[in-house]
Amino acid sequence: MSDLAIFPLTSEHKMLRDAARDFAQKEIAPIAAEFDESGEFPAKTIRKMGEMGFMGIEVPEEYGGSEMDSLAYMLALEEICKVDASHGVIMSVNNSLYCHGIMKFGSNEQREKFVVPVASGQVIGAYSLTEPMSGSDAGTMKTRAVRDGDVYVINGRKSWVTSGPVAEYVVLFAVTAPEKGQKGISAFLIDSNQPGFIRGKKEPKLGIRASATSELIFDNYRCPVENRLGEEGEGFKIAMTVLDAGRIGIASQALGIAEAAYEAARQYAGEREAFGQKIGQFQGTGFKIADMKTRIEASRLLIYNAALAKEKSKQDGGRYSLEAAMAKLYASETAMFVTHQAVQIHGGMGYSKELPVERYFRDAKITEIYEGTSEIQRLVISRSELGSK
Ligand code: CAA
């Protein structure tokens with residue numbers, strides 16, 4: 001990777017990036033294929049990532065985090081994802097969808113209880129918006145939270161929750177006032193140790209197989225009023241604001257996957273011979289390499305730009321939905337493009353489980369789907385440009 005001139009990295013950025021790179025190479029690389037195959041959750045390495053300070057990079061030290069900026073977080077996440085996208089998504093959801101939302105919208109008491117153990121990596125956090133019949137159209141959720149004195153009684157079924165099978169705490173979105181549509185949605189901080197919290201079916205997945213994804217069922221779960229995040233009716237805006245941060249994380253995951261696939265393809269093109277020469281000497285391969293490299297560097301620029309926009313938003317409270325959507329759209333489609341080309345350059349070996357290239361290909365696909373599909377990113381971008389909503 002080149003240190004791009006317009007994004008000068010500080011010595012702290014470089015130290016964190018190098019520490020993440022070392023950790024990923026030493027601790028994750030040897031186990032990535034095995035955990036992908038078994039689908040087992042890599043609890044030990046995730047715990048070590050917590051000890052390294054990777055699970056709450058932007059969270060202030062007083063709340064258990066590493067107190068670094070958004071760019072630092074992107075650099076570390078990219079390095080983890082270059083080696084294994086499953087570890088990467090667990091880290092991304094923990095940092096962006098969980099810690100970021102509570103730091104932004106929570107009270108000090110909520111941060112103390114719900115952020116400290118998660119940012120310091122002792123336990124894992126999750127974010128639960130989607131339902132079986134409510135995905136892209138998130139405002140149509142049905143899970144109900146009914147106020148009963150000092151508690152909300154929550155009933156409903158959530159789906160596709162990253163880290164659902166293992167999370168200690170969950171940021172949950174549920175309807176408090178059905179007649180108000182999106183403005184009747186509220187956010188809650190859920191403790192998985194309380195009665196009425198049930199972990200549902202674990203999803204068997206094409207890629208990111210070592211990250212655990214499941215349904216969550218709420219059966220008369222009693223959530224104390226003090227665990228509501230923000231005011232009643234603010235839930236949809238909280239969900240969307242948090243997803244802006246999440247989308248930059250997924251863009252960074254996509255970048256890491258693309259870089260890994262690119263590096264494997266570049267090396268293979270310089271080694272493998274056919275028709276009397278290295279396959280990289282054929283223009284058909286060389287032009288693939290050129291397109292892969294260019295799209296990767298363009299993704300990086302969009303991601304770093306979005307990270308800086310997020311940093312600015314911490315000062316002025318402005319939105320960076322456009323920057324985040326462009327970064328996620330471009331980086332995820334680049335990950336799909338690059339991993340596809342990498343398999344093609346490897347030929348039969350790209351299809352074999354003996355090399356990680358087929359894993360990169362399978363892992364890339366989800367980046368075009370979760371935290372807003374490519375179609376939703378195009379909707380966000382076009383609405384922003386055309387002012388149509
Ligand atoms: N930040 C702050 N506010 C926002 C916002 C944002 N990014 N986006 C929208 N809002 C606000 C709007 O300003 C509007 O507020 P007002 O009514 O006060 O003006 C309100 O929210 C409603 O906005 P829209 O009218 O734009 O809402 P919409 O119904 O048209 O939906 C959408 C917009 C972009 C399609 C949105 O529904 C969306 O992003 N859908 C995709 C959901 C998604 O990404 N799901 C993934 C879930 S997480 C996951 O993948 C699992 C996991 O564990 C990783």
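**Close-up views of helix packing and a pocket**

**View 1. Helices H5 and H6 side by side.** Helix H5 (residues 85-105) packs against helix H6 (residues 108-119) at an angle of about 160°, with the two axes 9 Å apart. That makes H5 roughly antiparallel to H6 (angles under 35 degrees count as roughly parallel, over 145 as roughly antiparallel, 65 to 115 as roughly perpendicular and the rest as oblique). Axes here are lines fitted to C-alpha atoms, for helices over the stretch in contact, and angles run from 0 to 180 degrees between N-to-C directions. Helices are DSSP runs (H or I, at least four residues), numbered from the N terminus. This is a predicted model, where local features need pLDDT of at least 70, side-chain atom pairs count only at pLDDT 80 or more, and totals for chains, interfaces and linings use all residues. Residues are numbered from 1 along each chain as its sequence is written, and side-chain values use heavy atoms, with hydrogens and water left out.

**View 2. Where H5 meets H6.** From H5, the contact (heavy atoms within 4.5 Å) is made by Asn94, Tyr98, Cys99, Ile102 and Met103, and from H6 by Gln110, Arg111, Phe114, Val115, Val118 and Ala119. By class, these residues divide into 8 nonpolar, 2 polar and 1 charged (Ala, Val, Leu, Ile, Met, Phe, Trp, Tyr, Cys and Pro count as nonpolar, Asp, Glu, Lys and Arg as charged, and the others, Gly among them, as polar).

**View 3. H4 against H5.** H4 and H5 have axes 6 Å apart and pack at about 155°. The two helices are therefore roughly antiparallel to each other. Tyr73, Ala76, Leu77, Ile80, Cys81 and Val83 on the H4 side meet H5 residues including His87, Gly88, Met91 and Asn95.

**View 4. H9 against H10.** The axes of helix H9 (residues 321-346) and helix H10 (residues 357-366) come within 9 Å and cross at roughly 155°. That makes H9 roughly antiparallel to H10. Among the residues that meet are Met336, His340 and Val343 in H9, with Tyr360, Phe361 and Lys365 in H10. The residues of this contact divide into 8 nonpolar, 3 polar and 1 charged.

**View 5. The second largest pocket.** Lys82, Glu259, Ala260, Glu263 and Ala264 lie nearest the centre of this pocket, which is lined by 27 residues. A pocket is an open set of points on a 1 Å grid over the protein atoms alone, where a 1.4 Å probe fits, with protein on both sides within 12 Å along at least five of seven lines; lining residues have an atom within 4 Å of a point. H7 gives the largest share of the lining, 7 residues. By class, the lining divides into 14 nonpolar, 4 polar and 9 charged residues.
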